Amino acid sequence: MPISTPAAGRSLARASSLMAVLLLLSKGMGFLREVAVANSYGAGLVKDANTIAYILPALFLILLGGLNGPFHLSTMRAVTSLRTEGREDEVPGVLLTIFAGTAAITGGLALVAYLAASWIVRITGPGLSPEGHALAVTNLHIMSPLIMIGGLIGVLCGISNARDKFTNSSLTPMVSSLAVIGVVLWTSAPTAIAWGTLVGAVGQLALQAIPVFQDWQEITGGRAVRPVPMSHPAFVDMLRMLVPAGLSSSVGTLNVAIASAFCSSLPEGSISAFNYSNQLIQLPLGILLTALLVPMFPRLTEAATSGDRKSLFAWLNRGVQSIALVLMPISALAIVLGEAAIRLVFQHGHFSADDTRKTATVLTIVALSMVAYGTRDLFTRVFYAQNKSRVPLLVTSVSIGTTLLFNALLIRFQIAGLAWATTLVTIGNLILLGFFLRRDLGTLGLGPSVSTLVKALAASAIAAGLAYFAKGLVPFSGQLGALVQLVGVGTLGLAAYMAVLMALRVPALDLLRRR
């Protein structure tokens, strides 16, 4: 059945809707985790040290091994490609080899991270105080097993998602959040966040393994299965995608490490402010991009494998329009109401008004890059679907130099300058990826999306202007004022956005309503 049929579209819509609901629960719990951490530690030494220590483990648990990560996508692509080519009987042996290889490689890397913890922290947090350095090293010792756990979670997610099962993979991050909340509430020890993260990761691995274990008989057809040789074409193709994609994702983390290193030379709490603002940005980004791109990736892969360029461009346009329609108003309202959101959610306990101001500064600037961030990820997935991961690697490698340059030039403007550096690098990455994708495909084929993009931009600008005006009319201050602004003014802005889109007759809204 061609993937461009209405039935395929409805299937994608159902999968995306399910994942959006599940991710809303999961990301919401992650948000509560950050609230608990902020209340207990504020934006200070403990949070700074944990953020520095978590950079490398987070690379594997969230970026490389998480949903939409290289281990997940390369495993998913290996299964999808074998099925498309009618070689499904080879899938179990390939999966065993992928799982064993992942365990060996990531286990070795986890051991290296443990032994080199002090050296790693010295690079990622050169400006930390001696006390902060020691705490970060201890935290990295605790969290180093996450490197192996993250890789295995990614493989298991890929197996489940290739079978159109998204529930566990969407909910597993909730386990980690619950563990951190529980440990932080139980004890205020400086290492509580790290221990909670480790316990949660073990829980994620167990939860993700359940559906694979239950389905293994069905996957193998009841046959005894042995791992295939590492020379098997499917495993080789998986590595061809995994290695450049993994390096590409690692480069992104290196950019975060560079920003954190510059932040460590600023007043205490600057690293935490960056981290808290990133959590707010990632809440909508994580839900939308995972809910959209995970179910869409097999369709992109099928289209690329079968040479169906028409369907490939159709899915690309659908992705660009969905990203723009959802992220443009969120970005606009985050700029206007970001400080109110931070004050309402985080400004309790040890989180001060000064912490709110610093975090809001970063949020306002980085929110400008949300659409670019989402579109960049979509373009990257198109390359991955074609098993051409070298281009994303090249683009993100170039970003190392631009990140160093922009941070060095803009640090004179303190934390705001570093936020602008992050935004400019993200936009630059999108431009480069778009250039190379157009050269690869001959055209981006985004003509059908231009009208929707222009209308969404106009509607977002009107919504932001109305929200800015209405915010000044709120008679309350403090937490009550923040609540009224966020709920009342935010709802007004979103209503205005939808009204303008309906008045402009945006076709994508009709498509969404039908499905």
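Student: Is Thr 403 buried or exposed?

Tutor: Happy to start there, keeping in mind that this is a predicted model. A residue counts as buried when its relative accessible area is under 20%. Thr 403 has a relative accessibility of 4%, so Thr 403 is buried.

Student: Which residue has its backbone oxygen 2.7 Å from a polar atom of the Thr 403 side chain?

Tutor: A polar contact needs a pair of N or O atoms within 3.5 Å. Here a polar atom of the Thr 403 side chain lies 2.7 Å from a backbone oxygen, and that oxygen belongs to Ser 399.

Student: Now for helix H9: where does it bend?

Tutor: Good one to trace along the model. H9 runs through residues 192-220 and reaches 42 Å from its first C-alpha to its last, close to the 42 Å expected. Just after H9, Gly 221 has a positive phi of about 70°. Within H9 there is a bend of about 40°, and its place is Gln 214.

Student: Stepping back, how many helices and strands does the protein chain have?

Tutor: Let's look at the whole chain. Of its 515 residues, 56% are buried. Among contacts with a separation of 6 or more, 85% join residues 24 or more positions apart. As for secondary structure, the count is zero strands and 19 helices.

Terms used: Residues are numbered from 1 along each chain as its sequence is written. This is a predicted model: local features need pLDDT of at least 70, side-chain atom pairs count only at pLDDT 80 or more; totals for chains, interfaces and linings use all residues. Side-chain values use heavy atoms; hydrogens and water are left out. Helices (H or I, at least four residues) and strands (E, at least two) are DSSP runs, numbered from the N terminus. The expected span of a helix is 1.5 Å times one less than its number of residues. The bend at a residue is the angle between axes fitted to the seven residues ending there and the seven starting there. Buried means under 20% relative accessible area, exposed over 50%, partly exposed in between (1.4 Å probe, protein chains only). A polar contact is a pair of N or O atoms within 3.5 Å; within protein, one must be able to donate a hydrogen and the other to accept it, and residues adjacent in sequence count only if both atoms are side-chain atoms. Contact means heavy atoms within 4.5 Å.
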